[in-house]
Amino acid sequence: MPHAPFIIASFAVTGVCMTWLVVSSYLSMRRAEASAAELKDRP
Amino acid sequence: MKPKHQRLLLAVIAVAALVGAGLIAASALREEASYFYTPTTLASANVEPGKAIRLGGMVQKGSIVRGSDGVSITFTVQDQERSQKVAYRGITPDLFVEGSGVVADGRLRPDRVFVADSLLAKHDENYVPRELADIDMSAAAHTKDTLVP
Amino acid sequence: MHRFANPARFLRIARPLTPALFLLGLILTLAACIWGLFFTPTERLMGDTVKIIFVHVPAAWLGMGGWTGIAIASIVQLVWRHPLAGVSARAIAVPGATFAAICLITGSIWGRPTWGTWWVWDGRLTSMLVLFFLYLGYIALSNASSDKGDTSRVAAVFGIIGAINIPIINRSVIWWESQHQKASITLGGSSIDSAYLVPLFVAVVGFSLLFGALVLMRMRAALAEMRIEARMRRMAEG
């Protein structure tokens with residue numbers, strides 16, 4: 001049985017999951033902190 | 001007692017009860033939750049022939065005999081104390097080699113030979129580069145308790 | 001205990017710490033993956049599929065470590081009423097669940113060429129799947145309250161009860177005969193050759209730092225949302 005597809009699939013799954021985690025966490029942090037800062041500046 | 005200490009005490013009691021319950025449940029499941037019989041547990045379990053069971057252990061060195069038809073093989077599965085003869089027809093997994101682990105689905109024949117319908121390879125906890133395998137496996141200084149030491 | 005209770009003080013530390021953890025974690029993780037993929041020898045039985053260890057094992061440990069963190073934070077939340085404890089427990093949940101999922105998926109992919117099957121219902125695989133479902137339950141429970149900043153006590157109790165699964169996962173290969181091999185790395189030592197052990201260690205450190213950065217990001221998001229809600233409430237009242 002060729003091993004390469006299994007190895008590539010494992011690392012690809014990990015890469016996709018990690019990228020999704022980082023991007024979604026970062027965006028939600030940026031969005032929340034930006035709107036909190038904007039609200040604070042409002043009178 | 002301050003409320004904080006009350007809560008702490010409650011938490012400690014809850015965690016202790018939880019751990020106790022978990023341990024009791026786990027030890028009660030001891031036999032049932034095992035994925036396979038080893039030759040030793042199979043010998044003492046009184047399994048009647050024909051009942052579908054799973055057998056696991058180490059493929060005894062030098063025990064694999066391939067039939068003349070090319071697909072049927074017999075070999076011996078062993079643990080620390082006992083061994084069990086196994087017959088199988090089919091393609092063996094890549095990792096099925098002597099001295100390595102195997103898990104077989106099948107049933108006992110009346111003559112106490114285990115007839116396997118399928119074989120899964122079982123890797124042990126040792127990770128050794130191929131070029132080191134000869135030296136390292138015989139020395140096996142860091143090999144921990146596998147089914148066969 | 002309450003030194004970091006003040007969210008402002010926490011944020012002063014978290015703001016510079018987030019990119020630092022993230023960058024260091026990213027560098028170590030990528031280095032370990034490249035090292036593992038291209039510069040590790042073939043294993044005696046498994047061949048090249050041994051390389052999957054560099055994502056499977058860190059994911060498994062962090063999936064379990066995540067729930068341990070949730071349980072500890074939940075105890076701190078219930079006993080000491082530490083204001084950040086509930087926030088941190090909730091911030092761990094999604095990354096922890098993702099790591100548990102990565103562990104299950106890469107393990108399944110690894111199982112096909114080595115064992116000859118994608119999945120078996122042995123003690124280790126089943127208890128790890130249970131951990132993933134516990135995460136889903138925890139996420140559902142902690143999202144059930146409409147208040148973003150609310151750190152529900154039901155979720156905290158669930159986090160503590162669910163922790164019983166962690167020692168079960170750890171002991172499953174010792175208590176019960178299983179398809180999965182016994183632990184290679186214990187407090188007593190390791191049965192992994194250093195050719196794999198060193199990059200594996202780098203990968204574990206790298207993924208752990210990324211995990212820390214992710215938790216900080218999600219905590220900061222939750223704290224900002226709490227500030228927004230408090231502000232909105234005041235504006236609505238005034």
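N46(B) is exposed, with a relative accessible area of 71% (buried means under 20% relative accessible area, exposed over 50%, partly exposed in between, with a 1.4 Å probe and protein chains only). Its phi is near 60°, a positive value in a residue other than glycine. N46(B) sits in the loop between α2 (39-45) and β1 (53-59) of chain B; helices (H or I, at least four residues) and strands (E, at least two) are DSSP runs, numbered from the N terminus. R81(C), also not a glycine, has a positive phi of about 55°. This residue lies in the loop between α2 (53-80) and α3 (83-114) of chain C and is partly exposed, with a relative accessible area of 41%. Most residues other than glycine have a negative phi.

The model is predicted: local features need pLDDT of at least 70, side-chain atom pairs count only at pLDDT 80 or more, and totals for chains, interfaces and linings use all residues. Residues are numbered from 1 along each chain as its sequence is written, chains are lettered from A and ligands numbered from 1 in the order in which they are written, and side-chain values use heavy atoms, with hydrogens and water left out.

**Chain C**

Chain C has seven helices and two strands, in the order α-α-α-α-α-α-β-β-α from the N terminus. Its C-alpha atoms fill a box of roughly 70 × 35 × 30 Å along the principal axes. Of its 238 residues, 57% count as buried. The chain exposes about 9800 Å², with carbon and sulfur atoms supplying 70% of it; accessible areas come from the Shrake-Rupley method with a 1.4 Å probe, and for residues only the protein chains shown count as cover. Among contacts (heavy atoms within 4.5 Å) in chain C between residues at least 6 apart in sequence, 79% join residues at least 24 apart.

Helix α5 (residues 153-162) of chain C has as its buried residues A155(C), A156(C), G159(C), I160(C) and G162(C). Their cover includes α1 (3-28) of chain B, together with α2, α4 (123-144) and α6 (165-175) of chain C.

**Interfaces of chain C**

The size of an interface is often given as the accessible area lost when the parts come together. Buried area here is the accessible area (1.4 Å probe) that two parts lose on being put together, summed over both.

Chain C and chain B bury about 3800 Å² between them, 60% of it on carbon and sulfur atoms. R44(C), L45(C) and E177(C) lose the most area in chain C to chain B, together 20% of what that side buries. The contact takes 43 residues from chain C and 42 residues from chain B. Across this interface there are 20 residue pairs in polar contact, both residues at pLDDT 80 or more; a polar contact is a pair of N or O atoms within 3.5 Å, where within protein one must be able to donate a hydrogen and the other to accept it, and residues adjacent in sequence count only if both atoms are side-chain atoms. The elements giving two or more residues to the side of chain C that touches chain B are α2, α3, α5 and α7 (194-237) of chain C. The largest share, five residues, comes from α2(C).

Chain A and chain C bury about 2800 Å² between them, 80% of it on carbon and sulfur atoms. F6(A), F11(A) and L39(A) supply 21% of the area that chain A buries against chain C, more than any other three residues. This contact takes 27 residues from chain A and 37 residues from chain C, with two residue pairs in polar contact.

**Salt bridges**

The structure holds seven salt bridges over all chains, a salt bridge being a side-chain nitrogen of Lys or Arg within 4 Å of a carboxyl oxygen of Asp or Glu.

| Pair | N to O distance |
|---|---|
| E33(A) and R220(C) | 2.9 Å |
| D124(B) and R44(C) | 3.0 Å |
| D117(B) and R107(B) | 2.9 Å |
| R44(C) and E43(C) | 3.4 Å |

D117(B) in strand β6 (residues 114-122) and R107(B) in strand β5 (residues 101-108) of chain B are ten residues apart. D117(B) is partly exposed at 45% relative accessibility, and R107(B) is partly exposed at 31%. D124(B) lies in the loop between β6 and α3 (133-139) of chain B and R44(C) in the loop between α1 (7-38) and α2 of chain C, so the pair joins two chains. Both D124(B) and R44(C) are buried, as are both R44(C) and E43(C). D124(B), E43(C) and R44(C) are linked in a network of salt bridges.
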